[in-house]
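Have the viewer open and follow along.

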Amino acid sequence: MQKIIHIDMDAFYASVEQRDHPQYQGKPLAVGGSRERGVVAAASYEARKFGVYSAMSSRLAYQKCPHIIFVRPRFDVYKEVSQQIREIFHEYTDLVEPLSLDEAYLDVTKNKVGMPSATIIAREIKQKIFDATQLTASAGISVNKFLAKVASDMDKPNGLTLISPEEAADFVAKLPIKKFHGIGKVTAKKMQQLGIFTGADLRRWDKAKLVRQFGKVGNYYFNIAQGIDQRSVNPHRIRKSISTENTFDHDLASLEEMETALHQLAEELMRRMEKTKSFGQTITLKVKYDNFQQITRSKTLAYPINTLDLIIRLYQELIRGCDFS
C-alpha cells in the first residue's frame with residue numbers, strides 16, 4: 001500500500017512577502033496587480049477574509065477590500081525559497097513530484113529515514129520547513145495522490161490531515177463535489193445540474209454513463225468516486241508548456257507598442273526554453289482587454305520553435321491577426 005504526502009505551502013507568495021516585510025504582517029495583502037489594473041497572483045489569509053483570491057482582477061480585489069496592500073511579485077525569491085523546501089523533501093525521498101513552486105507530492109512508502117509512519121514524516125517536514133523558512137505548510141497524507149491532495153486542503157493554514165484506508169470510502173462519499181481535485185467549477189456545475197452533489201451521488205453513476213456525459217475523463221471520475229487513484233508519484237514529470245506574460249500599467253494602444261512588448265516577452269520565453277532545454281512546436285498568444293475579455297491565438301509548426309527570430313515572427317503574425325477595432 002502506498003504512503004503519499006501532499007505538501008501545500010500556505011498563501012506562499014503572500015506569506016514570503018509578509019515574512020520579508022514585517023510592516024505587512026497581519027494585513028490584507030495581494031501579490032500582483034494594483035488598484036487600477038492587473039490580476040492577483042496570491043492573497044494573504046487576511047485578504048481572503050474579504051473574499052480576495054488568486055486570479056481575481058485587482059480592481060475587484062480593491063472593491064472588496066479598500067485597504068488591501070498591493071506588492072509586486074518577486075519570483076526569484078519565491079524560486080529560491082521553493083528550492084530550500086525541495087531540499088527538505090529529498091532528505092526523506094527522491095520520489096518528489098513538484099506541481100508548482102509551492103506544492104508537491106511525495107511517495108514515502110519506502111523512505112530514506114526508514115520511518116514507517118507517513119504522518120510523522122509529514123509532521124517533521126512541516127517543522128523543518130518552518131525552521132528553515134519561517135513559513136507554514138499544510139500536509140495531506142493518504143494511500144493515493146487524489147486523497148492526499150484533498151486532505152491537504154482540509155485544515156489550512158498549517159494543517160495536517162490523514163485519510164486512512166479505512167476512512168477513505170466514507171470520506172469520499174461525504175465530500176462535496178466542488179472539493180474534488182480534478183473537478184473544476186464548470187464541471188462541478190454540470191454535475192450539480194445532473195443531481196451529483198457529493199461523492200456518494202457520483203458513486204451511483206456507472207463508468208459507461210460518466211464517459212458518455214464527460215468523455216474520457218469520466219473514467220477518472222468513476223475511479224475517484226471510489227477513492228481509487230492509480231497514478232504514481234512521478235519525479236520526472238514532463239513539462240507540457242512554457243509561458244511568460246505581463247500585465248501592463250497602461251493600455252497598449254498601438255500595434256507598435258504591442259510588438260515592442262511582445263519582443264521583450266519573446267526574449268524571456270527564449271531564455272526559459274534554453275534553460276530547460278524544452279522546445280515546442282505550438283506557440284500561443286494570449287491577449288486580455290481592458291474589460292478583462294480574453295482571446296487566444298495559436299500556430300503549430302511541423303518543426304521545433306527554437307530561435308528568437310522565429311518566436312518574434314510568429315508573435316507578429318498572431319498579433320496582426322487580432323481585431324483591436
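From which domains does the lining of the second largest pocket draw at least three residues each? In this predicted model, domain 1 (4-10 + 76-162) and domain 2 (13-74) each contribute at least three residues to that lining.

Let us start with the overall layout. An automatic or database assignment divides the protein into four parts, tabulated here with their residue ranges.

| Domain | Residues |
|---|---|
| domain 1 | 4-10 + 76-162 |
| domain 2 | 13-74 |
| domain 3 | 167-225 |
| domain 4 | 255-321 |

Taken over C-alpha atoms, the centres of domain 2 and domain 3 are separated by 33 Å.

Now back to the pocket. The second largest pocket has a volume of about 210 Å³. Its lining residues are Asp10, Ser15, Gln18, Arg19, Gln25, Gly26, Ser44, Tyr45, Glu46, Gln134, Leu135 and Thr136. Sorted by class, the lining holds 7 polar, 3 charged and 2 nonpolar residues. Helix H1 (12-20) and helix H2 (45-48) each provide at least two of the lining residues, and H1 gives the largest share, with 3 residues.

Helix packing is the last stop. Helix H10 (residues 207-214) packs against helix H11 (residues 217-225) at an angle of about 135°, and their axes lie 7 Å apart. H10 is therefore oblique to H11. As for handedness, H10 and H11 make a right-handed crossing.

Definitions and conventions
Residues numbered from 1 in each chain as written. Predicted model: local features only at pLDDT ≥ 70, side-chain atom pairs only at ≥ 80, totals over all residues. Heavy atoms only, no water. 1 Å grid on protein atoms, 1.4 Å probe; cavity = no way out; pocket = protein on both sides within 12 Å on 5 of 7 lines; lining within 4 Å. Points joined across faces, edges and corners; volume = space filled by probe spheres on them. Helix = DSSP H or I, 4+ residues; strand = E, 2+ residues; numbered from the N terminus. Nonpolar A, V, L, I, M, F, W, Y, C, P; charged D, E, K, R; others polar. Axes fitted to C-alpha atoms, helices over the stretch in contact; angles between N-to-C directions. Parallel < 35°, antiparallel > 145°, perpendicular 65-115°, else oblique. Left-handed = near helix turned anticlockwise from the far one by under 90°.
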